[in-house]
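Colleague: I would like to learn how to read a model such as this one. Please put it on the screen and take me through it.

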Amino acid sequence: MSFVVKTSKQIILMVALVALTGLTAWAGSHHEQPVAEQSEHGHHQEAPKGKPTPDEAIKMLRQGNERFVTGTSNHPHMDSARIIQAGREDQGDHAYATVITCSDSRVPVELLFDAGIMDIFVIRVAGNVVDVDEAGSIEYGLSHVNTPVLVVLGHTQCGAVTAVTAAMTGHGHPLECNIPPLVDNIQPAVQKTLDAYPGAPTRDIIRFSIEENVWQGIRELFMRSPSTRELVKNGQAKVVGAIYNVGTGKVKWLPEEQTFSILDDVEKDPQKTKNAMAH
Ligand SMILES: [Zn+2]
């Protein structure tokens with residue numbers, strides 16, 4: 001796909017997003033008073049005024065998933081009053097998380113975090129890959145909707161990761177023409193797993209690759225997005241990996257330290273994108 005086509009597409013996406021969310025969110029100027037605090041991991045954190053800190057937002061997601069799993073969901077922000085509020089107010093003053101996850105029908109994002117309307121900025125794409133359009137959407141969620149956390153959420157039994165594993169172990173089948181350029185982002189994760197566990201049963205390769213694919217997505221995001229790197233380094237946002245179990249409803253949270261270690265690696269990589277803003 002040519003650079004020009006992707007760039008135009010990205011601009012159209014951004015224009016559409018601005019139209020949807022209002023120009024005040026684009027400017028983001030009403031969040032000028034940061035509230036600083038120290039996170040439990042010792043990283044400095046700042047939240048836009050009225051927004052939770054990154055750790056507070058993660059706690060809200062964790063607690064929401066616990067309610068979902070235990071059948072005690074509150075189903076917040078689902079009533080007509082919230083819809084009216086959504087039509088009148090800026091999502092940038094309310095949404096507390098950006099989540100990128102798979103398109104799989106077994107991964108209902110708001111339900112599994114017991115969240116509602118105007119709570120989560122969601123990007124869904126088969127295999128939760130982070131290519132240019134997804135990175136642009138994430139940048140919008142973090143920098144313009146001002147969400148203090150991004151969750152890269154993989155899931156058990158992911159068909160996209162399974163298909164790539166099958167193809168890379170000689171059990172592939174013909175794919176529709178647009179699928180290979182989509183799933184090529186997953187290949188490095190599967191290759192890394194195959195190298196680390198030679199001869200392991202396919203089900204284990206798939207399981208490990210699903211987690212590796214989350215780290216791969218975070219790495220791709222940091223490689224592509226200087227603005228995201230800055231937000232994480234400044235403590236204004238956290239990027240966390242997680243795996244949703246489609247058979248239990250439970251989110252397994254992956255070690256946050258791994259994100260910082262990936263960020264350190266990317267900072268040393270001369271291939272990373274350096275200009276934060278489009279020209
Ligand atoms: Zn999937």
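Colleague: Which residues point one way from β3, and which the other way?

Modeller: Ala97, Val99 and Thr101 point to one side of β3, Thr98 and Ile100 to the other, and all are buried. A residue is called buried if 20 or more other C-beta atoms lie within 10 Å of its own, exposed if 12 or fewer, and partly exposed in between, with C-beta atoms placed from the backbone. Five of the five residues of β3 are buried, so the strand is largely enclosed by the rest of the structure.

Colleague: What should I know about the source and the numbering?

Modeller: This is a predicted model, in which local features need pLDDT of at least 70 and side-chain atom pairs count only at pLDDT 80 or more, while totals for chains, interfaces and linings use all residues. Residues are numbered from 1 along each chain as its sequence is written.

Colleague: How many helices and strands does the protein have?

Modeller: Helices (H or I, at least four residues) and strands (E, at least two) are DSSP runs, numbered from the N terminus. The protein has twelve helices and seven strands. Of its 279 residues, 37% are buried.

Colleague: How do I read a sheet, and what is the strand order here?

Modeller: Strands of a sheet pair through backbone hydrogen bonds, either parallel or antiparallel. Two strands count as paired if DSSP finds at least two bridges between them. Here five strands form an open sheet with mixed pairing, in the order β4-β3-β5-β6-β7. Its edge strands are β4 (120–124) and β7 (251–253), each of which pairs on one side only. Direction ignored, neighbouring strands of this sheet are turned by 25° against each other on average. For such angles, axes are lines fitted to C-alpha atoms (for helices over the stretch in contact), and angles run from 0 to 180 degrees between N-to-C directions.

Colleague: Which residues stand opposite each other in the sheet?

Modeller: Valine 99 of β3 stands opposite valine 151 in β5, and valine 151 stands opposite valine 240 in β6. β3 and β5 run parallel and are joined by four bridges. β5 (residues 149–155) and β6 (residues 238–244) also pair in the parallel sense, over seven bridges. On the other pairing of β3, five bridges link it in parallel to β4, where arginine 124 is the bridge partner of threonine 101.

Colleague: Which helix packs on the sheet?

Modeller: Contact between two residues is judged by their C-beta atoms, placed from the backbone, which must lie within 7 Å. Helix α3 (residues 54–69) packs on the sheet and touches β3 (97–101), β5, β6 and β7. The direction of α3 makes about 35° with that of β5.

Colleague: How do I read burial along a helix, and which residues of α9 are buried?

Modeller: An α-helix has 3.6 residues a turn, so residues three or four places apart point the same way. In α9 (residues 187–196), the buried residues are Ala189, Val190 and Thr193. They cover an arc of only 95° around the axis, which puts them on the same side of α9; the arc is that of the directions from the helix axis to the C-beta atoms. Among the elements that cover them are α7 (159–168) and α10 (202–224).

Colleague: What about two helices that cross? At what angle do α6 and α11 do so?

Modeller: The axes of α6 (residues 132–143) and α11 (residues 226–233) come within 9 Å and cross at roughly 35°. From α6, Ile138, Glu139, Leu142 and Ser143 meet Ser227, Thr228 and Leu231 of α11. By class, this contact has three nonpolar, three polar and one charged residues. Ala, Val, Leu, Ile, Met, Phe, Trp, Tyr, Cys and Pro count as nonpolar, Asp, Glu, Lys and Arg as charged, and the others, Gly among them, as polar.

Colleague: In the loop between α6 and β5, is asparagine 146 buried or exposed?

Modeller: Asparagine 146 counts as buried, with 28 C-beta neighbours inside 10 Å. Its phi is near 60°, a positive value in a residue other than glycine. Histidine 75, in the loop between α3 and α4 (80–88), has a positive phi near 45°. Histidine 75 is partly exposed, with 13 other C-beta atoms within 10 Å.
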